[in-house]
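Open the model in your viewer and keep the selection tool at hand.

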Amino acid sequence: MGRDASNYAYVNARVRSRWAALLDEEDYRTLMRMGPAEIARFLEESEYQTEIDELASRHTGVDLVEYALNRNLAKHCEDLLSWAEGRMDDLLTRYLRKFDAWNVKTALRGVYSETDAATIETDFIRAGELDERTLAQLGEVNDVGEAVDVLADTIFGEPLAAAYGDFEESGSLVPLENATDRAFYEHLLKGLGAATDSGTREFVKFLQAEIDFRNVRNAFRLARSGADLDPAEYYIEGGRLFSASELNSLVGQRDELITRLRDSSYGDELDAALEEIEVEGGSLIAFEHALDAALLSYSDHLSHIFPLSVCPALAYVLAKEREVDNIRAIARGREVGLSEEEIEEELVIL
């Protein structure tokens, strides 16, 4: 299918109007001074009104906020798919499977921590391709092995089954979560490497950046863990910054890794993140938040370079996800009594 079948100009014009409704820094500062009930009322007067009104009779407080956030995010993703045509529709469908990966990891973490089914379902974001029956089954499983069995016929089935032995041996979910992410990214780029149409090339460029940033995050997590883990097991194919062997050699050489990133094409975007991590003992969480901000900035940069491509829609999905994450962090933080300063450390704001 060629680029001519896509309607980039129409979709991106509608995306620009959605950008204008995203919360800004002052909105977040206002929310940080509110309790969960007040946050719900604030959202009721925003573009979350429909979801708050639909759910307010059944939920209150943080639960109401969480349900409304997830439902609103899913609605925006559904809108993008309903607007897009041709190759753009195919590319967006591929990308939005990221929420399938989110739901799989949510189910694994929930059953691992013995969270009740209703709470697990609260965190599902119904914007991917896993159907309601599969999500309901994931919410009701009794152990991690059952969750892996439920996913047997999905793109996550074989990678999760292969990683299950490592989970049993280590008792850690990391091998299963890593298998989930790798399955998503490898499936995402499948069949697109040799694509020649410009719309697809821009999509691949966007995804290469996201994969590069994910590999950077994994490299520093491995370096910081000090555990005897094989970096190759955590490497995601498809980026353009590192080969598997190069990243493998750099994980144990922190200063060389930082220098390599500063000299890369992402050097400007990663500058703030690298400043967080290059101080001995620097916060890994602060680094990862700075990395998230760098990815948002880079995706916005690509959306301006390629305005008639899928990049503006993908950048909007990232920005909307971040808004949802920020509001969720504020609501949860206020519920447990965190200070404004402590909550602010959990936010990513450009």
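Each stop below says what to select and what is found there.

**The whole chain**

Begin with everything shown, and keep in mind that this is a predicted model. How many helices and strands does the protein chain have? There are 19 helices and zero strands. Along the principal axes, the C-alpha atoms fill a box of roughly 55 × 50 × 45 Å. The radius of gyration is 20 Å, which agrees with the value near 20 Å for a compact globule, because the chain has 350 residues.

Of the 350 residues, 51% count as buried. The accessible surface comes to about 16000 Å², and carbon and sulfur atoms hold 46% of that surface. Among contacts between residues at least 6 apart in sequence, 66% join residues at least 24 apart.

**Helix 6**

Select residues 86-96, which form helix 6. Is this helix mostly covered or mostly uncovered? Helix 6 is mostly covered, with eight of its eleven residues buried. The buried residues include Leu91, Leu92, Tyr95 and Leu96, but also Arg87 and Arg94. An α-helix has 3.6 residues a turn, so residues three or four places apart point the same way.

Glu114 counts as exposed because its relative accessibility, 73%, is over the 50% cut-off. Look at its backbone too: phi of Glu114 is near 60°, a positive value in a residue other than glycine. Most residues other than glycine have a negative phi.

Then select Glu177, in helix 12 (residues 174-188). Is Glu177 buried or exposed? With a relative accessible area of 17%, Glu177 is buried, because the cut-off is under 20%. Leaving out residues up to four places away in sequence, Glu177 touches Lys105 and Arg109.

**Ala232**

Move to the loop between helix 13 and helix 14 (244-250), where Ala232 lies. Ala232 counts as partly exposed, at 35% relative accessibility. Which residues are in contact with Ala232, apart from its neighbours within four places in sequence? They are Arg182 and Asn248.

**Val216**

Select helix 13 (residues 198-225) and pick out Val216 within this helix. Val216 is buried, with a relative accessible area of 2%. Show the residues around Val216: not counting those up to four places away in sequence, Val216 touches Leu241, Phe242, Leu261, Phe287 and Leu291. For a distance check, select Ala272, which is 56 residues from Val216 along the chain; their C-alpha atoms are separated by 14 Å.

**The second largest pocket**

Rolling a probe the size of a water molecule over the atoms shows where empty space is left. About 380 Å³ of space lies in the second largest pocket. To find this pocket, select Glu276, Ala286, His289, Ala290 and Leu347, which are the closest to its centre among the 19 lining residues.

Which helix supplies the largest share of the lining? Helix 17 does, with six residues. Helix 2 (25-32), helix 16 (267-278) and helix 17 (284-305) each supply at least two. Colour the lining by class to finish: ten residues are nonpolar, two are polar and seven are charged.

Methods: Residues are numbered from 1 along each chain as its sequence is written. This is a predicted model: local features need pLDDT of at least 70, side-chain atom pairs count only at pLDDT 80 or more; totals for chains, interfaces and linings use all residues. Side-chain values use heavy atoms; hydrogens and water are left out. On a 1 Å grid over the protein atoms alone, a cavity is a set of points where a 1.4 Å probe fits but cannot get out, and a pocket is an open set with protein on both sides within 12 Å along at least five of seven lines; lining residues have an atom within 4 Å of a point. Grid points are joined across faces, edges and corners, and a volume is the space filled by probe spheres set on the points. Helices (H or I, at least four residues) and strands (E, at least two) are DSSP runs, numbered from the N terminus. Ala, Val, Leu, Ile, Met, Phe, Trp, Tyr, Cys and Pro count as nonpolar, Asp, Glu, Lys and Arg as charged, and the others, Gly among them, as polar. The radius of gyration is taken over C-alpha atoms; the globule rule is 2.2 Å times the number of residues to the power 0.38. Buried means under 20% relative accessible area, exposed over 50%, partly exposed in between (1.4 Å probe, protein chains only). Contact means heavy atoms within 4.5 Å. Accessible areas come from the Shrake-Rupley method with a 1.4 Å probe; for residues, only the protein chains shown count as cover.
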